[in-house]
Amino acid sequence: GFRLLDLGDHRRILQLGVYELLHFAHVGGLANERQRHVIHVELPGDLADRNRAYPDSYPDCLASFGNLDLDAYFIGLTGATYPFGPEKDRQLCESLARRVKGRPVFTASAAILDALRAMGASRICLVSPYPQWLTDQSVAYWEAAGIRVDPVFKMGETFRAYEMNTS
C-alpha cells in the first residue's frame, strides 16, 4: 500500500502524485484530507495524434513534480497505453518508476487491470465513449490481459468521454 502520514488528531494524508491528462476531472476520487499534486497536459492534434504523443511526454511531466516527496504517481489516461498491451504498459510503468526514485508509477489502464485481477474478474462489459479504432484498441488490451470483453456498447464515433455522467 501507500504510505500514510499520521498528522495526529486522526488526520492522515496520503501523498500521491497525479499526472492528469486532458480533462480527467475525477482522478482517483481522492478525499479532501489527502494531498494531490496535479499536472494537466493538453497536446495538439486530434485524439489519435495526442494518444501517440502522450507517452513521450510522461518522463518530463513526472520530472516536473521536482523534489516533492510523493509516494506514487498516477497517469490518468487509458487511450495512450491501449496500443501497448498490458505487458508493455507494465514495462512503461516500471521504466518511469526508475526515473522517480523507484516510486510506483501507475497508468490508468494498468491500475484498472490490477483492480480487475484483485476482484477475480474474467469478463467485463465495455461502455465506450471512443471512436471505433480506440474501442478496438481497448478491447484488444483487455483481451490480451485475459479479460473477456462482452458486450461492448459504443456511444458513437464522436469522442465523448468527458460528456459522460451517471444521471
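Trainee: Where is the place of Ser109?

Mentor: Ser109 lies in helix H3, residues 108–118. Helices are DSSP runs of H or I with at least four residues, strands are runs of E with at least two, and both are numbered from the N terminus. This is a predicted model, where local features need pLDDT of at least 70, side-chain atom pairs count only at pLDDT 80 or more, and totals for chains, interfaces and linings use all residues. Residues are numbered from 1 along each chain as its sequence is written, and side-chain values use heavy atoms, without hydrogens and water.

Trainee: Why does Ser109 count as buried?

Mentor: Buried means under 20% relative accessible area, exposed over 50%, partly exposed in between, with a 1.4 Å probe and protein chains only. Ser109 has 0% relative accessibility, so Ser109 counts as buried.

Trainee: With which side chains does the side chain of Ser109 make a polar contact?

Mentor: A polar contact is a pair of N or O atoms within 3.5 Å; within protein, one must be able to donate a hydrogen and the other to accept it, and residues adjacent in sequence count only if both atoms are side-chain atoms. The Ser109 side chain pairs in this way with that of Thr81 at 2.5 Å and with that of Asp89 at 2.6 Å.

Trainee: Which residues does Ser109 touch, not counting those up to four places away in sequence?

Mentor: Contact means heavy atoms within 4.5 Å. Ser109 touches Leu77, Thr78, Thr81, Tyr82, Asp89, Tyr141 and Trp142.

Trainee: How many of the chain's residues count as buried?

Mentor: Of its 167 residues, 40% do.
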